[in-house]
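Walk through this structure from the inside out.

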Amino acid sequence: MINLIKSDYKKFFHDKLFLVVCILAFMFAVTTPLLYLVVLKLAGEMDPVTEQMLAGYTNAKGQFFGAFSFGNNLGIIAPLLIGIILYKDFSYGTIRNKIICGHSRTSIFLSLFIVCTTTLFGTLLAHALLTLGVSLPFFEYQSTPFTTADFWYLLESLFFEFLVYLFAAALVSWLCVTMKNLGMVIVMYIAIFFGFSTIAGVFQMVAFIPNMNKQLLDVIDFIQRINVFNSSATIGLGTKYELKDICYYVITPLLYTSGILLHGIWKFNRKDLK
């Protein structure tokens, strides 16, 4: 399986579309902090609503973690482009050649998932680090001095972000082996992304309704927390994680990822490759 993974990496990094992903990651990392700098300069003295909307982007820390968000520029585009690269194995019939060479369908799927995970998270991490590097000359990292506790919080947050994109990679890999063509992979990913993002947005607005029933608020909070597409927008916004937060950020994406992978393996082993 190691040789299979090496082969998949080689094909992935030689694909011209990967260069497009890298260029987009660089462009968004450079332009986004500068855009927020201009917006904050133009905003001047902000009203409470505007201040709340931009609160997460008035420092380098917020922009660093914002770079991981599914709703951010690269967070939307990268999974789709990487999925297109990986699906070429199906479009060009390479999958059949791998099977003829003696590789099991399970190992082929797991190799696809490993390559998708590492390239997707690696791209987002590099993008976030470059965003941080560009933003630091113009913004403070945070309003308080950086301490050892902040360092551990940073590492915890990066681990949670990895689990979020582990789920995203599982979803992209699952779509590649279950959909009939590339068009369906793209359409289904966009539909799933916007569907769950819309749900998160609607519940976020509902939660701000005055005099909302506490039990209903608890239900909304639970739904928001198990919505992995919403997790990337909340990780890294505080200073520490409670035990409940850690459970949601760890258990939820791992459960979803495990379920998707198991179904993907089962489905791929039954799939008729033409």
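What volume does the largest cavity have? About 50 Å³. The model is a predicted one, and it holds one cavity of 30 Å³ or more.

Pro79, Leu80, Gly83, Ile84, Val172, Leu175, Val185, Ile186 and Tyr189 line it. Of the elements, α5 gives the most, with four residues. By class, the lining of the largest cavity has eight nonpolar residues, one polar and no charged.

Now turn to open space. The second largest pocket has a volume of about 380 Å³. Its lining takes in 16 residues. Nearest the centre of this pocket lie Met179, Lys180, Lys271, Asp272 and Leu273. At least two lining residues come from each of α5, α6 (94–100), α8 and α12 (243–270). Again α5 gives the most, here with three residues. The classes in this pocket lining are six nonpolar, two polar and eight charged.

Last comes the surface. Leu19, Ile23, Phe26 and Met27 make a nonpolar patch of about 410 Å². Ile23 sits in helix α2, which spans residues 16–43. Is Ile23 buried, partly exposed or exposed? Ile23 counts as partly exposed because its relative accessibility is 43%, between the 20% and 50% cut-offs.

Conventions:
Residues numbered from 1 in each chain as written. Predicted model: local features only at pLDDT ≥ 70, side-chain atom pairs only at ≥ 80, totals over all residues. Heavy atoms only, no water. Patch = residues over 30% accessible without salt bridge, like charges linked within 9 Å, V, L, I, M, F, W, Y side chains within 5 Å. Areas by Shrake-Rupley, 256 points an atom, 1.4 Å probe, with all protein chains shown as cover. Salt bridge = Lys/Arg side-chain N within 4 Å of Asp/Glu carboxyl O. Buried < 20%, exposed > 50% of the residue type's maximum accessible area, 1.4 Å probe, protein only. 1 Å grid on protein atoms, 1.4 Å probe; cavity = no way out; pocket = protein on both sides within 12 Å on 5 of 7 lines; lining within 4 Å. Points joined across faces, edges and corners; volume = space filled by probe spheres on them. Nonpolar A, V, L, I, M, F, W, Y, C, P; charged D, E, K, R; others polar.
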